Amino acid sequence: TEEQQLFRNAVHEWCEKKLPLEVIRQMDKTGQMPLGIVKDMADLGLLLMTVPEEHGGIGADWVTACIAAEELGYADISIAIPVLFLVESSWGFVVDKYGTEEVREAVVRPAMKGNAFIGIANTESGGGSDVAAIKTVAKREGNEWIINGEKTYISGTEEAQKMGGGYFLLARTAPAPPEAAHRGMTAFYLPINTPGIEVTKRFEDVGRTGISTGGFAMQDVRLPNSYVLGEENRGFYITMEGFDCARTLIGAVCVGAAKRALEIGMDYIKQRKAFGQSIGKFEGIQFELADDWAQLEALRSLVYRTAWMMDERYK
């Protein structure tokens, strides 16, 4: 729509001003986001933009969220800032949708203002995308849950510690038959600074170093029952919904980064000379570039069609 095009232009201009390539290179070299960038994103309305208006958000649809994701991916080809954006837009949406008012007040509203972080903590040494293989367990004790387990390769562990906030967490809460191992799992909101959590050291990534990647161990971590997300033993299905949201935005981010990479490549083949002319004039180079661009446009169309389907789903 015209409104969405105006939004794209505004995000693009903001990225040109705040996230030039030299800033991205420096961020990836030092492993730190520019000071104040999260608050700037909050001021622009980019943080948790999919949270509905009745809960304090702007209620952006998924096509609009993909526009923001694509522009951020185009600007930050290290993918650090886009990861922060998409993790919060997708899993923050799920935490808000299934969380209690206590959870919204504790983390969703602060995160929208850039004062807290919301992430996803599913991955373990033997499970993650294979959700049914998760070993973390939670046991009910009165009005509390006691959680034990370990998560690894989790985005934003240092940011969560510094800013406050926490994670969408999945744990096994009941036995499940072998033929339906996805049953008996419950989703929780887990504040990262809860007693009993030990955050492990930061992994050394290649790219996206501006946002940390780490893990944490949980030993007898106590959470109130009000931090359960959705229905008890229905966490698998909520997690699948979160993956739908996150992977749609991941697709948009990657489209943006790929477009920027191709543009950088096009600039190079105009400058690099061989046999008395720029290499961009050789058909062997042009054919490959044309194939890459056609594939990118096909993927871009698929991403936005998926976002449109998401919007139809949530009408």
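Me: What should I know before I start?

Reply: The model is predicted, so local features need pLDDT of at least 70 and side-chain atom pairs count only at pLDDT 80 or more, while totals for chains, interfaces and linings use all residues. Residues are numbered from 1 along each chain as its sequence is written, and side-chain values use heavy atoms, with hydrogens and water left out.

Me: How many salt bridges does the structure hold?

Reply: A salt bridge is a side-chain nitrogen of Lys or Arg within 4 Å of a carboxyl oxygen of Asp or Glu. The structure holds 16 of them. One of these joins Asp40 and Lys18, with the closest N and O atoms 3.2 Å apart. Asp40 lies in helix H3 (residues 37-43) and Lys18 in helix H1 (residues 2-18), so this pair ties together parts that are 22 residues apart in sequence. Helices (H or I, at least four residues) and strands (E, at least two) are DSSP runs, numbered from the N terminus.

Me: Which parts does the salt bridge between Arg300 and Glu70 tie together?

Reply: In that bridge the closest N and O atoms are 2.8 Å apart. Arg300 belongs to helix H9 (residues 283-313) and Glu70 to helix H4 (residues 62-75), so the pair ties together parts that are 230 residues apart in sequence.

Me: How far apart in helix H6 are Arg109 and Glu105?

Reply: They are four residues apart in helix H6 (residues 101-112), so about one helical turn separates them. Glu105 is exposed at 51%, and Arg109 is partly exposed at 22%. Both residues also take part in a network of salt bridges with Asp96, Glu101 and Arg104.

Me: What is Thr157 in contact with?

Reply: Contact means heavy atoms within 4.5 Å. Leaving aside neighbours within four places in sequence, Thr157 touches several residues, including Tyr167, Val199 and Phe216. Thr157 and Val199 are 42 residues apart in sequence, yet 7.3 Å apart in space, C-alpha to C-alpha. Thr157 lies in helix H7 (residues 157-163) and is buried, with a relative accessible area of 2%.

Me: Where is Thr194 found?

Reply: Look in the loop between strand E5 (185-191) and strand E6 (197-199). Thr194 counts as buried at 13% relative accessibility. A polar atom of its side chain lies 2.7 Å from the backbone oxygen of Pro191.

Me: Which residues cover the faces of strand E1?

Reply: In a regular strand the side chains alternate between the two faces of the sheet. In E1, Phe117, Gly119 and Ala121 are on one side and Ile118 and Ile120 on the other, and all are buried. Five of the five residues of E1 (residues 117-121) are buried, so the strand is largely enclosed by the rest of the structure.

Me: What does E1 pair with?

Reply: Two strands pair if DSSP finds at least two bridges between them. E1 pairs with strand E4 (residues 165-172) in the parallel sense over five bridges, and Gly119 stands opposite Tyr167 in E4.

Definitions and conventions:
Buried < 20%, exposed > 50% of the residue type's maximum accessible area, 1.4 Å probe, protein only. Polar contact = N/O pair within 3.5 Å; in protein donor to acceptor, adjacent residues only side chain to side chain.
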